Amino acid sequence: MGDLSNRTLTRPELSGGPVNLSRRGFLLASSGAAAGSLVLGLGLPGSRARAQEAMAPGTRVPAFLEIRPDGTVRLLSPFVEGGQGVFTAMAQIVGEELDADPATFVVENAPPGADYQVMEGMPGFRITGGSLSVRTSYAAMRRLGALARAMLMTAAAAQLGAPVSELSTEPGRVVHAASGRSLGYGELAPAALDLPVPDPESVTLRDPAEFRWIRQPVKRLDVYEKSTGKAVFAIDAQVEGMLHAAVQHAPRLGMTIGTIRNEDELRAMKGVHSVHHLPGAVAVVAERWWDAKRAAEAAQVDWREPEGAPEPNLRHMPADFSTDAFGDALERAPGDGEEAEAKGDAPKVLGEAETVVGATYRAPFVNHAQLEPPATLARFNPDGTLDLWVPNQAPDMFQADAAKQAGIEPARVRVHSPLLGGFFGRHFLYPSSNPYPQAIALAKAVGRPVKVIWSREEEFLRDRLRPMAVTRFRGTLDADGLPLALEAVSACEGPSEAISGRDKDGKLDPMATEGLTGKAYAIPNVRVAQIYVQNPTMLGYWRSVGHSMNDFLYESFFDEMADQGGQDPYELRLRLLAGNERLTNLLKAVGDLSGGWRRGPFTAEDGSRRARGVAMASPFGSEAASIAEVSIEEGEVRVHDLWQAIDPGSIVNPAIIEAQVNSAVALGLSQVLLEEARYEKGQPVARNFDMYPILPPDRMPRVHVRVVESGAPMGGIGEPGLPSVPPAVANAVSHLTGQRARRMPLSRLSFES
Amino acid sequence: MELRINRETYSVQSEGDTPLLWVIRDELGLTGTKYGCGIAQCGACSVLVDGVVTRSCVTPVDSVEGSEITTIEAIEADETGRRVVEAWVAHQVPQCGYCQSGQVMAATALLRESPNPSEEEIAAVMVNLCRCGTYNAIKAAMADLADGGERG
Ligand code: FES
Ligand code: FES
């Protein structure tokens with residue numbers, strides 16, 4: 001906590017505190033000056049906070065837990081909730097060891113700080129992403145619950161005059177069986193949480209065989225609030241004296257404001273407070289957002305072409321950029337690429353082969369299209385500190401960058417992380433694509449709190465894209481029609497190398513090719529390579545990252561090879577997974593779930609011609625296999641059923657897993673059926689959902705999920721359900737129509753009914 | 001101009017052509033109704049106007065003067081709305097939750113109009129977008145509610 005120890009967070013006056021975050025305001029107001037007590041109303045003495053400054057992340061119990069007199073438990077989660085259920089999972093894990101029913105928990109996102117950097121193997125790092133949350137913090141959060149329980153028992157021992165060894169707990173209470181006495185956690189908390197935290201090694205964790213809440217379909221904690229409009233998102237944040245702002249972005253990134261021809265008129269428009277020239281954007285501040293938006297839209301701006309080289313991490317959008325032309329350029333990209341994975345000698349085998357199967361596949365750019373448009377509220381306080389209500393997947397990174405933008409010390413920036421109205425990778429630190437730099441600049445300029453909301457149109461203009469890829473496949477078969485060699489050369493740029501720059505030592509971005517690499521099939525000669533082509537677009541992470549497209553590319557070509565060799569694609573997969581018990585079981589599980597593998601085409605009860613496709617993926621430490629059943633209706637692909645078996649090793653909440661698989665299936669289908677972010681003349685063709693359709697309810701199939709627990713190390717859940725879906729659908733469509741679908745979205749292809 | 005919202009009368013200052021959504025959210029501070037697209041594509045902004053589900057982002061505020069408007073904030077004051085919320089909780093419908101105010105409003109409007117709707121009626125009305133893909137959970141909750149209507 002060293003870097004936070006000089007942080008002053010006592011602010012007696014919080015009259016301007018956020019309306020809907022008043023409890024945190026109260027807690028801040030009542031806390032001491034020490035950093036450790038920043039979230040707690042339970043007077044943790046400053047001296048003790050200092051004495052414990054060197055504690056390992058995830059062990060300072062009072063930084064995470066507050067137990068109120070009524071026994072409810074407030075937990076600060078290292079991970080942000082955006083629909084994936086992580087708040088509930090955290091309550092289950094901590095509650096299991098604390099011995100407190102998760103239903104008694106209130107969970108909020110923790111502020112920045114070393115205490116919350118609990119991700120195993122990633123010291124000093126904190127994100128919500130990569131489907132990492134539960135699997136990297138499971139041990140730490142269990143230990144945290146156990147430490148808190150030990151503290152409650154120690155406090156109870158003193159109050160009951162009985163040795164700890166005679167005490168036990170039942171949910172929410174410490175019990176002294178010998179005397180029949182007990183004390184509620186709420187009664188014990190003031191004394192307990194003032195105690196020194198015991199040695200983390202001293203606590204024993206519960207035997208998993210005795211789990212009450214972990215592995216159970218515990219109800220989510222946030223569902224009632226989200227069903228009644230009470231849940232608060234960044235876009236809803238309100239503080240006293242707040243102004244609203246809307247922006248008009250330059251049509252292309254890198255352009256700057258020349259003049260605003262009607263600036264005086266804008267200033268005179270109803271409700272307008274002021275007009276501001278920001279980097280690449282006109283901002284209008286007004287009493288109400290609609291007035292701000294109306295004026296921002298009315299601004300007649302002479303945009304100036306970019307001059308000089310772009311700032312680091314910024315790309316100037318060329319005036320003639322077209323995604324179709326860029327795809328063609330990727331297709332023509334010369335060379336064999338840099339090797340990401342190799343086994344045997346694929347180039348040699350392919351070179352000597354009599355017959356080579358070759359195909360080129362395409363995956364388009366896609367938008368995040370989370371339903372909540374980005375919004376940020378910034379407030380400078382009289383003491384020079386900054387409060388920021390900002391949707392984010394990485395509070396510490398936002399704190400550091402916001403501090404830079406505001407010109408103050410990071411410790412003087414308080415980051416509030418509200419619930420996310422969907423994220424899917426949208427809320428990582430993308431300064432040119434997030435409104436917080438604008439909110440900070442405007443709040444500073446007008447001397448009042450300012451909330452910036454990007455209209456949906458401005459969001460589509462500045463959203464970061466999931467990379468595009470054009471992948472050239474070659475394969476050859478042995479005499480029995482089994483794959484002997486496979487080569488995938490993908491022309492693309494990975495999201496990480498796009499965001500942080502290429503590795504100086506020439507290491508490739510693994511996210512560029514994940515899903516082409518890491519396949520378990522026993523093909524003796526394999527080569528996966530990347531031809532790095534820098535994109536003129538700003539790239540970002542999208543749910544399932546490289547896997548979101550690469551498994552589509554690979555698994556579709558796999559079926560082409562199966563067809564070439566006269567093999568059934570399901571049987572061929574089983575055969576090439578022989579000896580791999582985990583994946584064999586998984587593939588059989590999804591086959592079972594679908595009533596037994598049948599590829600079709602067949603005629604369904606309603607008379608439609610249908611076929612099924614199968615695909616697998618190994619994303620984010622989990623394994624998944626999908627089967628899709630499709631027909632063609634009026635030239636459009638209809639997916640009727642989607643079966644998925646998923647093996648995350650071991651689980652925390654089966655109900656949340658099922659919900660997450662449904663969600664991932666929906667996004668995977670949306671992508672394969674409909675989504676493509678197209679640019680023409682340097683500008684996105686779609687600026688709203690009318691031109692960028694996302695999966696509507698009437699195209700959602702029945703989804704059948706089977707969770708397989710192989711006992712392998714715990715994998716992720718938020719993303720792994722997605723990657724096998726697009727290829728399962730594409731394989732079914734290709735088989736049904738006899739026409740190989742080699743690009744997403746399928747809406748770009750025409751089919752006959 | 002005076003507006004009737006959730007059985008209370010508010011006097012509002014916004015221009016007549018301001019979308020109802022922004023009057024509700026900014027001027028009245030009722031932020032349960034959400035902005036998703038502003039062009040009647042997503043349904044996040046759904047409210048009831050005289051019982052009819054309405055996309056408030058494209059509804060000029062002066063067009064609803066004299067109408068009885070219901071927002072998500074008052075949903076549990078309505079018997080049908082309360083049942084919808086219960087079903088949403090029972091089926092654990094929301095994920096990120098951002099679209100759900102609108103989904104609940106649309107469901108309530110339908111069930112008030114038609115207590116046991118057919119699958120087709122449900123499909124025709126429940127058209128709001130959900131980026132988290134909660135469609136099957138919504139369907140299951142609606143099927144329960146439709147049955148419940150039959151029994152009751
Ligand atoms: S915000 Fe009104 S329909 Fe999308
Ligand atoms: S629950 Fe997230 S958009 Fe519907």
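This is a predicted model: local features need pLDDT of at least 70, side-chain atom pairs count only at pLDDT 80 or more; totals for chains, interfaces and linings use all residues.
**View 1. The contact between domain 1 and domain 2 of chain B.** Domain 1 of chain B brings 17 residues into contact with 12 residues of domain 2 of chain B. Together the two domains bury about 1300 Å². Carbon and sulfur atoms give 61% of this area. On the domain 1 side, B:Lys34, B:Leu48 and B:Ile72 supply 36% of the area buried against domain 2 of chain B. No other three residues of domain 1 supply as much.

**View 2. Polar pairing across the interface of chain B.** Six residue pairs are in polar contact between domain 1 and domain 2 of chain B, with both residues of each pair at pLDDT 80 or more. Salt bridges across this interface number zero.

**View 3. The face of domain 1 that touches domain 2 of chain B.** Two elements each give two or more residues to this face: β3 (46-49) and β4 (52-55) of chain B. β3(B) gives the most, with three residues. By residue class, this side of domain 1 of chain B has seven nonpolar, seven polar and three charged residues.

How values were computed:
Residues are numbered from 1 along each chain as its sequence is written. Chains are lettered from A and ligands numbered from 1 in the order in which they are written. Side-chain values use heavy atoms; hydrogens and water are left out. Contact means heavy atoms within 4.5 Å. Buried area is the accessible area (1.4 Å probe) that two parts lose on being put together, summed over both. A salt bridge is a side-chain nitrogen of Lys or Arg within 4 Å of a carboxyl oxygen of Asp or Glu. A polar contact is a pair of N or O atoms within 3.5 Å; within protein, one must be able to donate a hydrogen and the other to accept it, and residues adjacent in sequence count only if both atoms are side-chain atoms. Helices (H or I, at least four residues) and strands (E, at least two) are DSSP runs, numbered from the N terminus. Ala, Val, Leu, Ile, Met, Phe, Trp, Tyr, Cys and Pro count as nonpolar, Asp, Glu, Lys and Arg as charged, and the others, Gly among them, as polar.
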